[in-house]
Amino acid sequence: LRPVCGLTVCGCSAARGVQQAAVRGAHRKHQPDFHDKYGNLVLLGGAAVFTTVWTYVLTQLGIEWGLSPVGRITPKEWRE
């Protein structure tokens, strides 16, 4: 065998084969999966549901948010 680039032909072809395999893997077409197809749609749908639910909770349930009871509660008379 004749040396090429300091390697034998056998070693050079093996190295070239590894390099070609790496290039093939990097340029392989990626098949879209569920997340590629529907990821943004699911994210936007979740954000819409989140916003809708919290808008309802904050506006329609009548919860008094963070109001202090000071001034509204009077102490009872002490019983002896």
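F34 is partly exposed, with a relative accessible area of 49% (buried means under 20%, exposed over 50%, and partly exposed in between, for a 1.4 Å probe and protein chains only). Y38 likewise falls in the partly exposed class, at 39%. The structure is a predicted model, in which local features need pLDDT of at least 70, side-chain atom pairs count only at pLDDT 80 or more, and totals for chains, interfaces and linings use all residues. Residues are numbered from 1 along each chain as its sequence is written, and side-chain values use heavy atoms, with hydrogens and water left out.

The mean pLDDT (the predictor's confidence in each residue, from 0 to 100) of the protein is 76, and 59% of the residues reach 70 or more. Confidence is lowest in strand β2 (residues 7-8), with a mean of 54, and highest in α2, with 93. The protein contains 2 helices and 2 strands, arranged along the sequence as β-β-α-α; helices (H or I, at least four residues) and strands (E, at least two) are DSSP runs numbered from the N terminus. Of the 80 residues, 2% are buried. The accessible surface amounts to about 8,000 Å², with 63% belonging to carbon and sulfur atoms; areas come from the Shrake-Rupley method with a 1.4 Å probe, and for residues only the protein chains shown count as cover.

The count of aromatic pairs is 1. The ring centres of F34 and Y38 are 5.2 Å apart and the planes lie at 50°, so the pair is tilted. Rings of Phe, Tyr and Trp (its six-membered ring) pair if their centres lie within 6.5 Å, and planes under 30 degrees apart count as stacked, over 60 as edge-to-face and the rest as tilted. Both residues belong to helix α2, 4 residues apart, about one turn of the helix.

F50 is also placed in helix α2 (residues 34-60) and is exposed, with a relative accessible area of 54%. Together, V49, F50, V53, W54 and L58 make a nonpolar surface patch of about 520 Å². Patches consist of residues with over 30% relative accessible area and no salt bridge, like charges being joined within 9 Å and nonpolar side chains (Val, Leu, Ile, Met, Phe, Trp, Tyr) within 5 Å; a salt bridge is a side-chain nitrogen of Lys or Arg within 4 Å of a carboxyl oxygen of Asp or Glu.

An unreviewed UniProt entry lists residues 41-59 as "transmembrane region"; UniProt positions are given in the numbering used here, feature names are shortened, and annotations may be inferred rather than shown by experiment. In the model, residues 41-59 are 100% helix and 0% strand, with the end C-alpha atoms 27 Å apart.
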